[in-house]
Every structure is written in C-alpha cells, then in structure tokens.
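Subject: Structure for your review

Dear colleague,

Please find below the structure that I am handing over to you, together with its sequence. My notes on what was found in it follow directly after.

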Amino acid sequence: MRLLLLGGTEFAGRAVAEAALGRGWEVTVFHRGRHPSPPGVRTLLGDRTALDGLAALDEAPGEWDVVVDTWSAAPRAVRDAARLLRGRAGRYVYVSSCSVYDWAPPAGYAEDAPVVRGARADADVTDYARDKRGGELAAVDAFGADRSVLVRAGLIIGPYENVGRLPWWLNRMARGGPVLAPGPRELPLQYVDVRDLAEWVLGAAGRELSGPYNLMSPQGHTTMVELLEACVRVTGGAAELRWTAPEVILEAGIEPWTQLPVWVPPGTDLHDALHSADVSRAVAAGLRCRPVAETVADTWRWLTDLGGSAPRRPDRTVKGLDPQVEAQVLGTV
Ligand SMILES: NC(=O)c1ccc[n+]([C@@H]2O[C@H](COP(=O)([O-])OP(=O)(O)OC[C@H]3O[C@@H](n4cnc5c(N)ncnc54)[C@H](OP(=O)(O)O)[C@@H]3O)[C@@H](O)[C@H]2O)c1
C-alpha cells in the first residue's frame, strides 16, 4: 500500500507513519519541515497555509492508495489538499474528533448524533469544533462519502503525546508525595492509545471503509484508579494517591479535564460527552485496544528518554494542577 500522510511527524501522524512502515507500506509525508520526518519515509515539504504551499505535492510524481490528514485548523487547508489529490488517491482519511458533535452529546451517542452547525469546508480558522467539522466536510466534498473516512477520535494518549495529559500525570507521580487523585476510583474512562488508533486507520484504509467512526476504547476499558495506579507503578511508587470526592475538587475551583487531565466528574455533561460514546461501529470495524498498563508504561519509557520533558503543541492550553492548590486541597500545607 502507498500512504500519503499530510503531517506525520508529531503525535497521531507519527504513530500512523510508524505503523504503516511496520506493515511494509510505502510512506510519503508532507509537512513544513519544522519537525523531523520519521526515518524510512519519503518527504515532501510545503506550508498548507501559504499561497502555493502545496506545490511540492502537486509536482511530485505518484499516486497513493490512501491519504491520512491530521490537520486541525482552517478547514480550507483540507479542502485544498483533498481537491488536489482526489484524482491521485483512492481514499481520504481525516483524523477528526468527537468535538464535532453538538455540545454536549448525550451518554451513548453514536455517529448519527447531531454535529455543530455553521461549519464550512472553505472556512478560515474559527473554533476547534467547527474547524474539525469543516475538515470533515472538505474531505467528503472532494472524495465523496464512499471514499472518505472520518476518524472521530476521543482522548488520544500514548508515546509522542504533545498535549500534556498523560505526561503531566506521569511527571506528577514521579515527583512523589501525596497526590490529589480525583474520584470516584471506579470512574469509567474512554481514550485511545495512539498506536491502536494508527492500526485502526490503516485497517480501515485496507478494508476500504468509509464514513464517520467514533474512535476510542469501549466505556469502562479502564477506570481512574487503574490509570493512576499504573502511573504510580511505572514511575517508581513514590506517589501516594489521596482519593478525593468530585465535590471537594469542584468547590476548590479546580477545572476538570485541563487542571486534572483526563478526569471529569461523573454524572455530568462532561462525562457523557468525553467518556461515554458508543464505539460499537469502530469495534465492529476492527478496533483493538491494548491494556492501559501498556500505554502508561510505554509513554513513561518515551518520556524518560526525553528527560521528562514532553513536547507541547503551542495551540493547546497548558495542562496540570498548581502544586500549591493541590497541597491546599489535600491539607498538606
Ligand atoms: N490529542 C487528542 O486527544 C485528540 C483528540 C481527538 C482528535 N485529535 C486530533 O488528532 C490530530 C492530532 O494530530 P497530530 O497533530 O498529532 O498529527 P501529526 O501529523 O503527527 O502532527 C501535525 C503535523 O502537521 C504538520 N504541520 C503543521 N503545520 C503545518 C502547515 N502549515 N503546513 C504543513 N504541515 C504542517 C507538522 O509538521 P511541521 O511542523 O514540520 O510542518 C506535523 O507533521 C489532530 O487533528 C487533532 O485534532 C486529537
């Protein structure tokens, strides 16, 4: 198989590139060159936001069985690339997000839940939800519903994470001492290991799937306690989890999801939207999710190789809790 990755050098794209190389696929990546290409790929350089920025792609010889696009800003960048490629590629996989659903989708929402209104394929940057939905529309406009795949990912974690969620928890556990552990312990979580996402994407391309797919683990694949205990174990066991009730956390003004990454209180719109999607369509189409302990251990190995300092994309908010706020809530100051 011949794969063209629009992106392919940071997190999700890089995992897709490595998985494809692992399958013996021929991989081309197109990006600006600010991040190094994974070894073993062919590189084309250009800036999707610049006038004539797709020239290298236009001029490069060749056709591809599948294009995977990880773009998450102005939809018109997807539109331009997809239009350019529609005669030269078999299928267009757009890495989208469950953020495209009209907020907040109810627990158990599937791919037919209503999506945000007002998104356009030719739009400039607006907000994340409309940018992602606009990207979906652009992919479908150019390749048609039968030759496009919309990967509506939920929370993505794993090696190369450049958002700062699992890296923050791992570094916090490594620091040790009493750690604010947001309860309840058995809170069901959904996420997808970036490598499982990558394998699913390649499988979808090979099997010529099309349409939207919610892509994350089935609900209850893991829980807050399993995730955090795995983090404690791999970082050496110096952290002591202090389970804290959701009300105490919210009363302290701590923001779920960002200040305590991954966590949102149970029984809320947030939990319905972020940890309660119906993923049966993706599971029926081959999604396999590795155990959380493996994701945590491999991410820690990657992070320690980097000296604990994870890359962070500048267009996302900073994650994590101020140590003083944590100590105040725990009463350890
Ligand atoms: N993280 C999550 O929890 C989560 C959840 C749901 C969905 N998602 C979606 O998952 C995707 C994550 O993808 P990723 O960022 O990890 O993919 P990636 O393909 O690994 O990295 C982004 C790529 O874009 C290239 N790039 C950036 N600006 C460019 C430009 N102007 N022109 C050409 N290339 C450019 C970068 O390379 P250069 O810098 O070298 O140009 C890099 O190769 C996003 O679409 C996000 O919306 C994420």
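**Helices α5 and α11**

Helices α5 and α11 are roughly perpendicular to each other, because the angle between them is about 75° and angles of 65 to 115 degrees count as roughly perpendicular. Please note that this is a predicted model. The axes of α5 and α11 lie 10 Å apart. On the α5 side the contact is made by Leu166, Pro167 and Leu170, which meet Thr299, Trp300 and Leu303 of α11. By class, this contact has 5 nonpolar residues, 1 polar residue and no charged residues.

Helix α5 itself spans residues 166-175 and is mostly covered, with 7 of its 10 residues buried. Those buried residues are Leu166, Pro167, Trp168, Trp169, Leu170, Arg172 and Met173. Their packing partners include the strands β7 (156-157), β8 (177-182), β13 (239-244) and β15 (260-261), and also the helices α7 (224-234) and α11 (292-305). After α5 comes Gly176, which has a positive phi near 80°.

Gly164 is placed in the loop between β7 and α5. Is Gly164 buried or exposed? Gly164 has 20 other C-beta atoms within 10 Å and therefore counts as buried. Leaving aside neighbours within four places in sequence, Gly164 is in contact with Ala310, Arg312, Val318, Lys319 and Gly320. Gly164 and Met224 are 60 residues apart along the chain, and their C-alpha atoms are separated by 17 Å.

**Helices α3 and α4**

The residues of the α3 and α4 contact divide into 8 nonpolar, 2 polar and 4 charged.

**Leu57 in α2**

Leu57 belongs to helix α2 (residues 55-59). Leu57 counts as buried because it has 20 C-beta neighbours inside 10 Å. Not counting residues up to four places away in sequence, Leu57 touches Phe30, Leu44, Gly46 and Leu84. The C-alpha atoms of Leu57 and Gly211 are separated by 25 Å, with the two residues 154 positions apart along the chain.

**The surroundings of the ligand**

Which residues are closest to the ligand? They are Gly7, Glu10, Phe11, Gly13 and Arg32, within a shell of 25 residues that surround the ligand. The elements that give two or more residues to this shell are α1 (12-22) and β5 (89-97). The largest share, 3 residues, comes from α1. By class, the shell divides into 7 nonpolar, 11 polar and 7 charged residues.

With kind regards

Technical notes
Residues numbered from 1 in each chain as written. Predicted model: local features only at pLDDT ≥ 70, side-chain atom pairs only at ≥ 80, totals over all residues. Nonpolar A, V, L, I, M, F, W, Y, C, P; charged D, E, K, R; others polar. Near = placed C-beta within 6 Å. Helix = DSSP H or I, 4+ residues; strand = E, 2+ residues; numbered from the N terminus. Buried ≥ 20, exposed ≤ 12 C-beta atoms within 10 Å, placed from the backbone. Contact = placed C-beta atoms within 7 Å. Axes fitted to C-alpha atoms, helices over the stretch in contact; angles between N-to-C directions. Parallel < 35°, antiparallel > 145°, perpendicular 65-115°, else oblique.
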